[in-house]
Amino acid sequence: MTDMTLSGIRTIDLGTEAAKARVKARYRAESRFRFYGLAAIGITAIFLVVVLTDIIVKGLPAFTQNVLQLRVNIAASEIDPKGTRNPADIRAGDFQALVRDALRAEFPDAKDRASRRQLDNILSSGASDYLRERVVSDPSLIGQTITVPVLISSDSDLYFKGVGTNVIQTPGRGTATPSATSGDVEIKSTSNDFANALASVKQTLTTQARNEAREAERLQGFALRAETRKKELETELAAAKSANNAARVAVLEPQLAAATDQATSLSGRVKELRDDVAALEQRYKNPTASEPITDHMPSLLIALNGGVVKVTEVTDHSVKGETLIALTSDNPAAPGAWQIVNYQTPEGSRRLNDRVVTWLNNLKDKGLIQSQFNWRFFSSGDSREPELAGIRGALVGSALTLFVTLVLCLPLGVAGAIYLEEFAPKNWWTEIIEVNINNLAAVPSIVFGLLGLAVFLNFFGLPRSAPVVGGLVLALLVLPTIIIASRAALKAVPPSIKEAALGVGASHQQAIFHHVLPLAMPGIMTGTIIGMAHALGETAPLLMIGMVAFIVETPTAITDASTVLPVQIFLWSDLPEIGFQARTAAAIMVLLAFLFVMNGTAIILRRRFERRW
Amino acid sequence: MDAMVKPAVNPAVADAAKQLPKVVARNVNVYYGEKHALKDVNVDIPERSVMAFIGPSGCGKSTFLRCINRMNDTIPVARVTGKIEIDNLDIYDKSLDVVQLRARVGMVFQKPNPFPKSIYENVAYGPRIHGMARSRADLDEIVTSSLKRAGLFEEVKDRLSDPGTGLSGGQQQRLCIARAIAVGPEVILMDEPCSALDPIATARIEELIDELRQNFTIIIVTHSMQQAARVSQRTAFFHLGTLVEEGPTETVFTTPHDRRTQDYITGRFG
């Protein structure tokens, strides 16, 4: 050892170029890494913000609902014709008819069947629910006329929330004179009030003409090709005939007939289109000629003398149309006293036609439409009608399911964790159990659903769609999480605490239950809450055990059929009605709120009771 | 060899040896799995005195200490053979309840480890689980007298409900001593009780040990030879799992019989 020669002690020369370059490279690497980190966090934050904003913007409208304040005459003849005032009889009364009559009274000129049906469609099928409850609880109202809030259909509700069409009103500049008060009406203005409307109609004519011309061009190509083919076949046929090839002639003749047909029909269609284009151009070139308004164009309406006229034909100074709401008189209306109304979305591309939109605007102008907080969303179960659908059933179902999960999971999970961590002998057998618990936490949740289907439903015969089965399945899902979290919490308690307890003569069990477990409790609670939050958001396994059914009733027991919040969201997201889109987003917001609260509780628990050694 | 090391007692100094031995160990072997950690230890520990175990790290002194209240039972791979008797009672007897043994043999650990509870609860826990107090006042009396014996009462009497973990290191260690003596043990095992403390706190603990000697049999493991010399009446030197030499502290430190003891005491290895 001693005779080994040691080389001189090496030092770092900080002055060299290489050393400086190394320092620079290190700084570069560090700033690069910081940039990557910031970029990752930034991108994540942007995604989160976009998702949350999207959900909130889509969901917020579902938290308000527009109701119609209607004066309803509670006619005894409809509700209680026998005069018994028996609540059961009253409940069976046709309140919907009362509400319908009250709405018809607002629009007396909607007399024909079609317009009455349209008027009825403004109302929700649950429009009379509130009225019925009120009258059942207070039969003295029968025979009176009261103002009650009435639920309107989802489409009408959405119209007031801005889904439907923009409405633009411009006051008329000239004096408008209607020719009649109802039916088909012609309105003449002393000014060129309708020039803009006419111009925009003409503008759409050019667009139409351009599209048709393009189509004609395209078809012309096919027509030419068909013509060429026809000529070829003709020469071939002539050749075959001169060669007396009868078989060939028999093949070619039907082919020639078909080609001729095709060429004729194509060139006919091309000619039609070209004529049409020419006609359109003609109409466009004549800026004062009258034009019809179709449902592919924005609707034009005239509001005057308390009525509304839907325009079907327009010129500079006059319009022709049908009355949607009858005029009070055919007196001329002064400039500014009448309005030109434009529904910008063409009638053909929205769910409510001009008549219904006009009625709704009329109701709004009368101050009968009120926007309220949508309590029904929290107080009613699922429904096929968006305006009637709520999340109460799903919320209660979720609560019952989670209750079952918690009752099973917490004692089992904590007991299992304590046994494995503190009492179990360390051998290959406990080793296998440990590995399996850890693996179980990574099993896809749908597998637990299949297990639940096979074991709980098919073998044990438990009820389908019931929170008890959902709770059992979710308990299986959450158990590994709770065991792992509880074991980690128990392991984190320093052994000196247990030794101290053993040192004063506490038994092993006393040491654990008096000292270790209380110190591990915050960690166990945190793990449990996070596990429960996981269970709350779980969908797939519950689909397997039938919790995906359409259930209107709010469950009252753990064996009742029910659904849960995430499954409700899944169900609604599948429905085509626009009204359900907002409800889906709103239900997601409620679910997220619950998850935030649960995770927040977990964080607070951890902060409050966290102990450092 | 151990038999040779044992007596050769100087009657002038060995007043302690005349007393009845409280703890008697015969042929104690400890295995941690394959490792033979303690080899054939024989020692008599006299009553109401302080016995110090010294020796380099890993020599088995702590292992032996933990045999005396069967704390090694908590280590799954540890195996103890031989015989340890306290008052002629074999503590490794199958019929003996280990929990009762630990109530009779208290322990103070290297790092102060008060329960994360109030000072009062720290001391009251042992008496409570053993049903020592008949009433609340009784329990108060036990707590107060234990804290007084541990020399901590004056410092904490106004804040008994404060958490024990809020005390200083030395106070925490005295709290742990109070907790140990609250269950009325006969033997107190101290595993390097001052290694985590500053010199002033150490001095207080040493004074305390000297006082407690009147009532308890104390066995202390220490790395500080000065501490062993200051507080103990008898000293045992362990090396590589064997008990090399045991005798009155003065003898061991001034005229050791074994070369290894001498080397360790004079700082040749350790």
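Predicted model: local features only at pLDDT ≥ 70, side-chain atom pairs only at ≥ 80, totals over all residues.
When residues up to four places away in sequence are left out of the count, the contacts of Ile219(B) are with Ile45(B), Met51(B), Phe53(B), Leu65(B), Ile68(B), Val187(B) and Leu189(B). In soluble globular proteins, nonpolar side chains tend to be buried together.

In chain A, three strands form an open sheet in the order E2-E1-E11, and their pairing is antiparallel. Strand E2 (145-151) and strand E11 (369-373) of chain A each have a single partner strand and therefore stand at the edges, with one side of each left without a neighbour in the sheet. On average, and with direction ignored, neighbouring strands of this sheet are turned by 40° against each other. Strand E1 of chain A, which spans residues 64-73, is joined to the antiparallel E2(A) by 7 bridges, and Leu70(A) is found opposite Val148(A) in E2(A). Helix H4 of chain A (residues 95-106) packs on the sheet, where it touches E1 and E2 of chain A, and the direction of this helix makes about 90° with that of E1(A).

Helix H10 of chain A, formed by the 12 residues 354-365, reaches 16 Å from its first C-alpha to its last, which is close to the 16 Å expected at 1.5 Å a residue. This helix, H10(A), is mostly covered, with 9 of its 12 residues buried; the buried residues are Asp354(A), Arg355(A), Val356(A), Val357(A), Thr358(A), Trp359(A), Leu360(A), Asn361(A) and Leu363(A). H10(A) is followed by Gly367(A), which has a positive phi, near 75°.

Between the two chains, 20 residues of chain B are in contact with 15 residues of chain A. On the side of chain B that touches chain A, at least two residues each are supplied by helix H4 (98-104), strand E6 (105-108), helix H5 (119-129) and helix H8 (169-182) of chain B. Grouped by class, this side of chain B comprises 12 nonpolar, 5 polar and 3 charged residues.

Conventions:
Residues numbered from 1 in each chain as written. Chains lettered and ligands numbered in written order. Contact = placed C-beta atoms within 7 Å. Pairing = 2+ DSSP bridges. Helix = DSSP H or I, 4+ residues; strand = E, 2+ residues; numbered from the N terminus. Axes fitted to C-alpha atoms, helices over the stretch in contact; angles between N-to-C directions. Expected span 1.5 Å × (residues − 1). Buried ≥ 20, exposed ≤ 12 C-beta atoms within 10 Å, placed from the backbone. Nonpolar A, V, L, I, M, F, W, Y, C, P; charged D, E, K, R; others polar.
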